[in-house]
Amino acid sequence: MNPTPKWYLPVGIVALLWNLLGCAAYLSDVMLTADDLAQMSAAERALYETRPAWAVAATAIAVWGGAAGCVGLIWRKRWAMPLLAASLAGVVAQDIGLFVLSAPVVKFSPIVIVLQGTVLLVAVALLMLARKATARGWIT
């Protein structure tokens with residue numbers, strides 16, 4: 001068993017905060033009221049109203065699985081890896097729902113593409129970290 005590096009805990013904490021931001025964004029999204037929808041542009045409203053329920057569920061899996069997986073990393077628990085794998089799968093499914101199915105409805109700004117790309121990269125990196133931590137005995 002290798003000693004856990006000094007950077008491991010701060011990275012886990014930052015990753016948890018990142019995922020908690022995702023949880024907050026998810027909650028604000030699913031709690032939109034009719035008045036909130038009325039204030040959206042026609043394109044934003046079309047995107048919101050046409051997305052499939054499975055894409056919303058995938059987002060929930062992505063953010064809540066990611067947050068729980070980061071708690072597992074911080075607590076150095078082996079169950080972090082399957083949760084982070086589920087989170088990555090949720091991100092991929094969410095992106096399919098967003099970019100593949102919604103592409104005919106909405107033209108995405110570069111900011112949306114960069115943000116979703118960053119979300120995907122972070123999810124991949126966290127799963128890789130969990131695999132490395134497991135292989136090196138940092139988590140049990």
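**A helical chain, step by step**

Analyst: Thr-59 touches Tyr-26 and Gln-94, leaving aside neighbours within four places in sequence. Contact here means heavy atoms within 4.5 Å. This is a predicted model: local features need pLDDT of at least 70, side-chain atom pairs count only at pLDDT 80 or more, and totals for chains, interfaces and linings use all residues. Residues are numbered from 1 along each chain as its sequence is written, and side-chain values use heavy atoms, with hydrogens and water left out.

User: Is Thr-59 buried or exposed?

Analyst: Thr-59 is buried, at 18% relative accessible area. Buried means under 20%, exposed over 50%, and partly exposed in between (1.4 Å probe, protein chains only).

User: Where does Thr-59 sit?

Analyst: In helix 4. Helices are DSSP runs of H or I, at least four residues, and strands are runs of E, at least two, numbered from the N terminus.

User: How many helices and strands are there?

Analyst: The chain has six helices and zero strands.

User: What comes after helix 4?

Analyst: Arg-76, with a positive phi near 60 degrees.

User: New topic. Which residues touch the most others in the largest nonpolar core?

Analyst: Tyr-8, Leu-73, Leu-84 and Leu-126, out of 25 residues. Helices 1, 4, 5 and 6 each supply at least two residues of this core. A nonpolar core is a set of buried Ala, Val, Leu, Ile, Met, Phe, Trp, Tyr and Cys residues joined through side-chain atoms within 4.5 Å.

User: What is Leu-73 in contact with?

Analyst: Beyond neighbours within four places in sequence, its partners include Tyr-8, Ala-80 and Ile-139.
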